[in-house]
Amino acid sequence: MNSGIYGNFRDICRRNGWKCTAQRLAVYNGIYENYTHPDVDDIWARVKQNLPTVTRESIYRILNEFADCGIISRLDHMVGARYDFQTEPHGHFICEKCGHISDFVIAAKMELAAISLPGKSRHIEVRITGTCDKCK
Ligand SMILES: [Zn+2]
Ligand SMILES: [Zn+2]
(Lines give C-alpha, C1' and ligand atoms only; values in the text may rest on other atoms or scores of the structure.)
(Ligands and ions follow the chains in the order given, each with its own letter.)
Protein backbone atom coordinates (compact mmCIF):
# COMPACT_ATOMS: atom_id res chain seq x y z
CA MET A 1 0.00 0.00 0.00
CA ASN A 2 1.47 3.39 -0.89
CA SER A 3 0.93 6.83 0.59
CA GLY A 4 -1.33 7.70 -2.35
CA ILE A 5 -4.09 5.48 -1.05
CA TYR A 6 -3.77 6.90 2.46
CA GLY A 7 -3.77 10.45 1.13
CA ASN A 8 -6.91 9.84 -0.93
CA PHE A 9 -8.56 8.14 2.00
CA ARG A 10 -7.81 10.96 4.42
CA ASP A 11 -9.19 13.51 1.92
CA ILE A 12 -12.36 11.47 1.46
CA CYS A 13 -12.87 11.18 5.22
CA ARG A 14 -12.32 14.90 5.70
CA ARG A 15 -14.71 15.82 2.89
CA ASN A 16 -17.47 13.62 4.28
CA GLY A 17 -16.85 14.29 7.97
CA TRP A 18 -16.03 10.63 8.66
CA LYS A 19 -13.62 9.21 11.21
CA CYS A 20 -10.68 7.49 9.48
CA THR A 21 -11.44 4.11 11.04
CA ALA A 22 -9.45 0.95 10.39
CA GLN A 23 -12.60 -0.64 8.94
CA ARG A 24 -13.23 2.14 6.44
CA LEU A 25 -9.58 2.15 5.45
CA ALA A 26 -9.57 -1.63 4.99
CA VAL A 27 -12.69 -1.48 2.79
CA TYR A 28 -11.21 1.39 0.79
CA ASN A 29 -8.02 -0.57 0.38
CA GLY A 30 -10.04 -3.55 -0.85
CA ILE A 31 -11.92 -1.57 -3.50
CA TYR A 32 -9.12 0.85 -4.49
CA GLU A 33 -8.32 0.39 -8.19
CA ASN A 34 -10.23 -2.88 -8.02
CA TYR A 35 -11.89 -3.24 -11.40
CA THR A 36 -13.13 -6.82 -10.94
CA HIS A 37 -16.64 -5.67 -9.88
CA PRO A 38 -16.47 -7.35 -6.49
CA ASP A 39 -19.51 -8.11 -4.36
CA VAL A 40 -19.72 -7.59 -0.61
CA ASP A 41 -18.38 -11.09 0.11
CA ASP A 42 -15.28 -10.54 -2.06
CA ILE A 43 -14.45 -7.36 -0.14
CA TRP A 44 -15.30 -9.00 3.18
CA ALA A 45 -12.86 -11.85 2.46
CA ARG A 46 -10.07 -9.36 1.71
CA VAL A 47 -10.76 -7.18 4.75
CA LYS A 48 -10.91 -10.19 7.09
CA GLN A 49 -7.28 -11.00 6.32
CA ASN A 50 -6.31 -7.95 8.39
CA LEU A 51 -9.43 -7.41 10.52
CA PRO A 52 -10.74 -10.91 11.32
CA THR A 53 -13.61 -9.74 13.53
CA VAL A 54 -15.23 -7.37 11.02
CA THR A 55 -18.84 -8.24 10.18
CA ARG A 56 -20.40 -8.55 6.73
CA GLU A 57 -22.94 -5.87 7.75
CA SER A 58 -20.11 -3.39 8.41
CA ILE A 59 -18.60 -4.06 4.99
CA TYR A 60 -21.99 -3.63 3.36
CA ARG A 61 -22.66 -0.38 5.20
CA ILE A 62 -19.26 1.09 4.33
CA LEU A 63 -19.47 0.10 0.65
CA ASN A 64 -22.89 1.72 0.40
CA GLU A 65 -21.57 4.81 2.19
CA PHE A 66 -18.77 5.02 -0.43
CA ALA A 67 -21.28 4.50 -3.25
CA ASP A 68 -23.65 7.15 -1.90
CA CYS A 69 -20.79 9.67 -1.99
CA GLY A 70 -19.73 8.74 -5.53
CA ILE A 71 -16.36 7.28 -4.48
CA ILE A 72 -17.36 4.00 -6.14
CA SER A 73 -20.34 2.86 -8.19
CA ARG A 74 -22.93 0.39 -7.00
CA LEU A 75 -24.36 -1.87 -9.68
CA ASP A 76 -27.85 -2.78 -8.60
CA HIS A 77 -30.41 -5.22 -9.93
CA MET A 78 -27.89 -8.01 -10.23
CA VAL A 79 -28.11 -11.25 -8.22
CA GLY A 80 -26.41 -9.24 -5.47
CA ALA A 81 -25.00 -5.71 -5.50
CA ARG A 82 -21.54 -5.36 -7.04
CA TYR A 83 -19.16 -2.46 -6.56
CA ASP A 84 -16.94 -0.72 -9.07
CA PHE A 85 -13.98 1.61 -8.51
CA GLN A 86 -14.67 3.03 -11.98
CA THR A 87 -17.17 5.86 -11.57
CA GLU A 88 -16.95 7.34 -15.08
CA PRO A 89 -19.79 6.25 -17.38
CA HIS A 90 -18.88 2.94 -18.98
CA GLY A 91 -20.52 -0.20 -20.24
CA HIS A 92 -20.81 -3.61 -18.59
CA PHE A 93 -20.95 -6.86 -20.48
CA ILE A 94 -22.39 -9.53 -18.21
CA CYS A 95 -22.09 -13.21 -19.09
CA GLU A 96 -25.35 -15.01 -18.35
CA LYS A 97 -23.50 -18.32 -17.97
CA CYS A 98 -20.55 -17.58 -15.69
CA GLY A 99 -21.63 -14.18 -14.33
CA HIS A 100 -18.36 -12.51 -15.27
CA ILE A 101 -18.63 -8.73 -15.65
CA SER A 102 -16.30 -6.90 -17.98
CA ASP A 103 -16.07 -3.22 -18.81
CA PHE A 104 -16.33 -1.73 -22.25
CA VAL A 105 -15.89 1.82 -23.42
CA ILE A 106 -18.90 3.87 -24.36
CA ALA A 107 -18.84 7.24 -26.10
CA ALA A 108 -17.23 9.39 -23.42
CA LYS A 109 -19.59 12.30 -23.74
CA MET A 110 -23.05 11.02 -24.29
CA GLU A 111 -25.04 14.13 -24.99
CA LEU A 112 -26.63 14.11 -21.56
CA ALA A 113 -27.40 17.80 -21.76
CA ALA A 114 -29.59 17.05 -24.77
CA ILE A 115 -31.61 14.42 -22.91
CA SER A 116 -34.37 15.76 -20.72
CA LEU A 117 -34.52 13.42 -17.76
CA PRO A 118 -37.63 13.28 -15.58
CA GLY A 119 -35.41 13.55 -12.49
CA LYS A 120 -31.84 13.89 -11.24
CA SER A 121 -29.40 11.23 -12.45
CA ARG A 122 -27.17 9.37 -9.97
CA HIS A 123 -25.69 6.54 -12.00
CA ILE A 124 -25.20 6.04 -15.73
CA GLU A 125 -24.50 2.60 -17.06
CA VAL A 126 -24.92 0.71 -20.30
CA ARG A 127 -25.51 -2.96 -19.54
CA ILE A 128 -25.39 -5.71 -22.12
CA THR A 129 -25.95 -9.35 -21.21
CA GLY A 130 -25.00 -12.36 -23.29
CA THR A 131 -22.38 -15.12 -23.46
CA CYS A 132 -18.72 -14.31 -22.92
CA ASP A 133 -15.94 -15.59 -25.18
CA LYS A 134 -14.91 -18.24 -22.63
CA CYS A 135 -18.42 -19.70 -22.35
CA LYS A 136 -19.30 -19.40 -26.01
ZN1 LIG B 1 -19.00 -16.60 -19.33
ZN1 LIG C 1 -17.30 -1.49 -14.45
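1. H3 passes H4 in a right-handed crossing. A crossing is called right-handed if the near helix is turned clockwise from the far one by less than a right angle, and left-handed if anticlockwise. Helices here are DSSP runs of H or I with at least four residues, numbered from the N terminus. Keep in mind that this is a predicted model: local features need pLDDT of at least 70, side-chain atom pairs count only at pLDDT 80 or more, and totals for chains, interfaces and linings use all residues. Residues are numbered from 1 along each chain as its sequence is written, while chains are lettered from A and ligands numbered from 1 in the order in which they are written.

2. How do H3 and H4 sit relative to each other? The axes of H3 (residues 40-48) and H4 (residues 56-68) come within 9 Å and cross at roughly 115°. Axes are lines fitted to C-alpha atoms, for helices over the stretch in contact, with angles from 0 to 180 degrees between N-to-C directions. The two helices are therefore roughly perpendicular, a label that covers 65 to 115 degrees.

3. Now for who touches whom. H3 brings Val40, Ile43, Trp44 and Val47 to the contact, and H4 brings Arg56, Ile59, Tyr60 and Leu63. Being in contact takes C-beta atoms, placed from the backbone, within 7 Å. Seven of these contact residues are nonpolar, none is polar and one is charged. For the record, Ala, Val, Leu, Ile, Met, Phe, Trp, Tyr, Cys and Pro count as nonpolar, Asp, Glu, Lys and Arg as charged, and the others, Gly among them, as polar.

4. Next, have a look at H2. Seven of its ten residues are buried, so H2 is largely enclosed by the rest of the structure. Buried means 20 or more other C-beta atoms within 10 Å of the residue's own. The buried ones are Arg24, Leu25, Ala26, Val27, Tyr28, Gly30 and Ile31. Just after H2, Glu33 takes a positive phi of about 50°.

5. Gly30 lies in H2 (residues 22-31) and is buried, with 22 other C-beta atoms within 10 Å. Leaving out residues up to four places away in sequence, Gly30 touches Ile43, Arg46 and Val47. Its C-alpha atom is 8.8 Å from that of Asp42, twelve residues apart along the chain.

6. Finally, the domains. The assignment, automatic or from a database, gives domain 1 (3-83) and domain 2 (88-130). Their contact takes five residues from each domain.

Definitions and conventions. Buried ≥ 20, exposed ≤ 12 C-beta atoms within 10 Å, placed from the backbone. Contact = placed C-beta atoms within 7 Å. Parallel < 35°, antiparallel > 145°, perpendicular 65-115°, else oblique.
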